[in-house]
Structures are given as C-alpha cells and as structure tokens.
Amino acid sequence: MSDARRPYEGSRRKLVLAFDIGTTYSGVSYTVLDPGHVPEIKGVTRFPAHEQITGASKIPTIIYYDAAGKVCAVGAEAMREGIFEQAEDEGWLKTEWFKLHIRPKTDASKQITTQIPPLPLNKTVIDVMSDFLAYLFECAATFIQDTHANGRDLWNSVRNEIDFVLSHPNGWEGFQQTQMREAIVKAGLIPDTNKGHARVSFVTEGEASLHFSIENGLPPKALEKGEGIAIVDAGGGTIDISAYSRYSGGGGEPTTFKEVAPPQCHFQGSVFVSIHARMFLEKYLAESDFVDDLDHIVRCFDKTTKIRFSNASQVQYVKFGSTRDNDPSCNVRFGQLKLSGEDVASFFESSVKCVINAVKEQKKMSHKPVSHIVLVGGFAASDWLFSKVEEGLRPDGVTVIRPENHVNKAVSDGAISFYLDHHVTTRVSKFTYGQFRTTFYDNTDPEHRKRSHRSYRCASGETLVPDFFAIILPKNTQVQEGKEFRQGFGLRSEQKSDIQKVTSTVWAYRGSKATPKWKDEEPSKFTKLCTVEMDLSHIPLAPRSKLNGAAGTYYYLGYDLILFFSSVELRAQISWEENGVEKR
C-alpha cells in the first residue's frame with residue numbers, strides 16, 4: 001500500500017526505538033538505520049520472565065515498589081507465579097494504569113479520577129513513567145545485543161545517539177508531551193539539553209495506527225474514490241479515533257495522507273470493562289464469603305472470560321478457585337462463578353456505544369466521506385467488541401475491518417513507520433485556538449453594551465473591553481505541516497518601560513460554539529495551553545499622540561502571535577518588526 005521505502009541516506013549507522021507505554025500492556029519496536037540499506041521495522045519479542053511465550057511482543061504495564069520506593073518487579077516479572085504472595089509478605093505496592101495519571105484534566109476525564117489506582121506515596125507520574133521507560137530500554141538493549149550479529153558492537157556504536165519515538169493518546173497535548181519528555185530525561189535515556197530533547201519525537205496513537213495499517217494493507221476499496229478512512233485504536237485505557245484520506249503524489253512525489261476530521265480520545269478502553277465487571281460483582285457477591293476474593297476474581301475475568309466473550313445468549317464462567325469453592329446463592333460451583341451472557345455484555349456496553357458514536361461523529365465532521373473503519377489495538381482482539389461495532393455501524397453503510405497481523409503491535413510498529421515514512425502531511429485542529437485580548441468598545445454592539453461596566457479608557461485614549469477571544473486557528477481546520485496561523489496584537493502604555501516585555505498565552509476552546517467570542521460566556525471551556533515570553537526592550541519606540549481628544553502621548557508595541565504544527569506538536573512563536581524586517 002505504501003510507496004517503497006527508500007534506502008537510508010545518512011552517513012552513519014543509527015538506532016531508533018519506539019516505546020508504546022499502554023495503560024495495560026507496553027511494547028517496543030525499533031529499526032537499525034544502515035547507510036545504503038532499506039530500513040526494516042522490528043519488534044522486541046523477548047522480555048524477562050516471558051521466555052515461555054514465544055514471540056510475545058508486549059508486557060504488562062505494572063511495577064512493584066517496596067516501602068522505600070525501590071523498583072522490585074516490572075512487566076512480566078510482576079506477573080510470575082508467587083509474586084502476589086511475595087508482594088503481600090514484603091509489603092510491596094503494585095502500580096498499574098499509571099499512564100492515565102498523565103491525562104489532561106478536562107471535563108471528559110474527570111469521571112475516571114476515582115476509578116484509577118492511586119500512585120505510590122512520594123512518587124509522581126513522571127517518576128513511575130521514568131522507571132518503566134528505563135526498564136523497557138534495558139529490555140531493548142539486551143534483545144538487540146542478543147539477536148543481531150555482532151550485537152554488542154552494534155549497540156556500542158549507536159547507544160549514545162539513539163532517537164526515540166513516544167506514542168500517546170490523541171487527547172494528550174503539549175503539557176502531557178512535556179511530562180513524557182521529562183520522564184525520558186529522568187530515566188537517563190537523553191540529556192536534558194536542546195540537542196537531547198531533539199532526539200525525542202511524539203506521535204499520536206491514531207497516527208501511529210494509520211502508519212501500521214498502511215504497512216499491513218489498508219482496504220483498497222476504502223481509498224479508491226479519494227474517500228476518508230477512520231482508524232479506531234481500541235486500547236487498554238483509551239479509544240482513539242482518527243480519519244484520513246490518501247493523496248497520490250504526482251510527478252514522482254510520494255503518496256501522502258491528510259487528516260480529514262478532528263481526532264478524538266475517549267476513556268472507554270478495555271480497563272473500563274473490568275471496572276464495570278468489578279462494580280457488578282461487588283454487589284452480586286456482597287452477601288457471599290467470596291466477596292473477599294473480588295480482586296482475584298476480577299483478575300481471572302480479565303485473563304479469560306473478557307477475552308473469550310462473544311455471545312450474549314451463552315452462559316459465561318469465571319474460573320477462580322478449586323472444586324471445594326461453592327456457594328449456590330451466587331452461582332459459584334466447583335470454583336467457577338456463573339454469569340449470564342447479558343450481564344457480561346453490559347460490562348462492554350459503554351465502550352461499544354462510545355466507538356459507534358465516535359465514528360458517527362467523525363463521519364459528520366469529516367472533510368471527506370468515510371465508509372470504512374480499521375479497528376486496531378489490544379481491545380480490538382475482542383470478538384464481542386468487533387461484532388457489536390460492526391452491527392451498530394452497518395445501517396450507516398460503514399464497513400469494519402481488523403488487520404490480520406498482530407493488531408496489538410500497531411502503535412509501536414506504526415511509530416517507527418511514522419519516523420521513517422512520515423505519510424501524514426496535513427492534520428486537523430482538535431480545538432479552537434486563540435488568545436484573549438481587549439477589543440475597541442462599540443456602543444452599537446449589544447455584546448459590548450452588556451459589558452460596558454468592564455470597559456475602560458486605555459493609555460491611547462481609546463475605550464476597550466477586555467476578555468474578547470481572538471481566534472487564531474479555528475477547530476476542524478486542515479493544517480498543512482509548517483503552515484502558519486497568526487494574529488496581530490499590541491500593547492499600549494504611557495510609560496515605555498511598562499511594555500518592554502511581551503507575554504502571550506495560547507488558549508484552547510473546548511466547547512461547541514463555532515466562533516466563541518467572550519471568556520465570561522463559558523469560562524470553564526477555555527484551557528491554557530502555553531505561555532510565550534519575549535524581552536523586546538531593545539526595540540526603539542517613538543511616542544504617539546493620544547486619540548479622541550486626550551492630551552499627552554503614549555507608546556505602542558505591536559507583535560504577532562503565530563501558531564503552527566510541527567509533526568504532531570503545536571508550536572507557538574512571537575514575531576515583531578525591527579527596521580522593516582520580521583524577527584522571532
């Protein structure tokens with residue numbers, strides 16, 4: 001499906017590692033870039049305590065800490081036989097689902113705060129993430145040295161200049177990327193310098209999954225008419241939905257993909273099926289002695305029943321004990337808990353509805369018609385999820401497919417493909433971005449009159465109204481990589497010294513209005529993204545005469561706030577003029 005990958009044109013050998021830290025499972029993919037050779041995507045398939053599973057490409061995202069905060073067991077080692085008892089005896093603390101602590105603290109994610117396990121005492125999410133990254137790095141180093149010819153020499157030749165690709169849910173933003181960058185620095189994988197930071201790239205799970213799907217064959221029909229295709233990455237914590245269309249390059253130019261709808265991120269991954277199962281079983285077993293085994297029963301449900309479930313009309317069993325464990329009052333017999341298929345189906349219901357509604361929303365918002373969706377991610381292996389999503393979208397003429405090749409490796413393999421191939425050149429803005437400013441008071445405008453009590457006369461003699469939202473980049477705008485969006489702003493003061501430093505804050509509007517105008521209408525829908533500061537004291541400013549008959553002079557400093565996408569990161573800059581030349 002993708003254009004043939006070209007040989008690596010660099011002059012020195014290089015290693016690229018992609019870490020997919022999932023809510024429940026994590027994996028590592030990599031590529032060795034040899035000058036003159038076509039790069040190949042490979043996966044780390046051997047981890048400590050995973051030797052018995054041939055070709056296992058992922059490990060559980062779990063860390064055990066002791067009381068002093070020292071790492072005791074990670075990944076598959078934290079799941080080996082006897083570890084639960086050892087942890088109990090030695091007072092270890094199990095840490096899982098920690099990725100969800102990085103999430104943006106928005107209205108959409110507030111609901112899950114009480115549902116995710118807390119972090120260990122005196123540990124931040126950056127601490128835990130850095131410990132896990134360091135472990136994945138060790139595993140990758142061992143695997144590459146053990147499986148490649150002259151592996152030790154290969155590793156030593158590249159180890160100090162490795163490039164890293166970190167994937168994250170579609171809903172993560174600049175602040176979350178900063179936290180992940182801090183974690184990789186704390187793990188000792190890169191130095192805390194600009195050069196070190198430049199070795200880390202970020203890619204959304206949706207875009208990584210697209211690259212994986214291109215590698216593993218997108219449905220030809222979906223791309224024939226220039227239509228869009230939706231990628232649904234159903235993972236442990238989040239369900240990420242993105243939509244793209246293909247553009248054939250002419251005149252020898254490579255084929256590229258453009259995002260055609262704002263990407264979505266929902267907290268309805270497979271762990272929420274387990275959360276609903278726990279809530280149900282807590283009530284169901286409330287009068288039984290087996291309620292004390294609730295944690296163990298939910299773990300058994302996760303390992304077997306949840307994965308195998310495919311028919312709501314069939315009775316389901318959760319095997320958790322021995323033949324001596326019986327309680328007819330709650331359908332426990334010979335160590336097996338009997339549940340109706342309808343009850344188990346109810347645990348999946350909110351996730352199924354989420355996928356169906358999100359795809360319908362993508363279709364509505366898309367710049368191109370969407371009639372195919374590709375379902376990837378660990379949760380995509382659920383036959384029940386697949387069949388119910390297929391059934392729910394069939395009336396809308398949507399075809400649902402699952403790639404045959406290891407859908408749970410989609411993100412880490414796709415992250416390497418993102419680094420190598422960079423298929424996506426245009427992305428869609430998720431929110432409306434801008435800055436709050438003052439605007440000139442207009443007595444004929446009812447919105448201004450409503451806020452007249454807040455109006456004031458500024459240094460220039462003009463009357464202004466504060467907290468007007470100046471839109472720089474509207475939501476659902478297709479943005480080509482590197483394309484700039486700018487808006488002019490200005491500072492006025494009677495004292496030159498008061499306006500020598502420019503501070504601009506970029507805000508995102510998360511509400512439903514197409515053109516939000518005032519902060520006081522929906523204050524909770526605006527969130528601060530970043531602040532850009534610049535010292536412009538060196539710019540000569542000439543005094544100007546005040547306006548509207550006011551006596552005296554004032555100073556004015558004009559500047560532009562510029563937004564643009566660099567890869568999947570939104571960047572902000574301030575520009576100004578010096579002697580007719582733009583500076584940044």
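Isoleucine 63 stands opposite valine 74 in strand 6. Strands are DSSP runs of E with at least two residues, and helices are runs of H or I with at least four; both are numbered from the N terminus. Strand 5 (residues 62-65) and strand 6 run antiparallel and are joined by three bridges. Two strands count as paired if DSSP finds at least two bridges between them.

This is a predicted model: local features need pLDDT of at least 70, and side-chain atom pairs count only at pLDDT 80 or more, while totals for chains, interfaces and linings use all residues. Residues are numbered from 1 along each chain as its sequence is written, and side-chain values use heavy atoms, leaving out hydrogens and water.

The open sheet here has three strands in the order 6-5-7, with antiparallel pairing. Strand 6 (71-74) and strand 7 (93-96) are at the edges with a single partner strand each, so one side of each lacks a neighbour in the sheet. On average, neighbouring strands of this sheet are turned by 25° against each other, direction ignored.

Another open sheet is formed by five strands in the order 21-22-20-25-26, and its pairing is antiparallel. Its edges are strand 21 (456-457) and strand 26 (526-535); each has a single partner strand, so one side of each has no neighbour in the sheet.

Strand 20 (residues 432-440) pairs with strand 25 (residues 501-509) over three bridges, in the antiparallel sense. Threonine 432 faces tyrosine 509 in strand 25, standing opposite to this residue.

## Two helices in contact

Helix 3 (residues 125-147) packs against helix 5 (residues 174-186) at an angle of about 55°, and their axes lie 8 Å apart. Axes are lines fitted to C-alpha atoms, for helices over the stretch in contact; angles run from 0 to 180 degrees between N-to-C directions. The two helices are therefore oblique to each other. Angles under 35 degrees count as roughly parallel, over 145 as roughly antiparallel, 65 to 115 as roughly perpendicular, and the rest as oblique.

Contact means heavy atoms within 4.5 Å. Helix 3 contributes Val125, Ile126, Asp127, Met129, Ser130 and Leu133, and helix 5 contributes Gln179, Glu182, Ala183, Ile184 and Lys186.

## The whole chain

The chain has 14 helices and 30 strands. Its C-alpha trace spans about 95 × 60 × 60 Å along the principal axes.

A compact globule of 584 residues would have a radius of gyration near 25 Å; the chain has 27 Å, which agrees. This radius is taken over C-alpha atoms, and the globule rule is 2.2 Å times the number of residues to the power 0.38.
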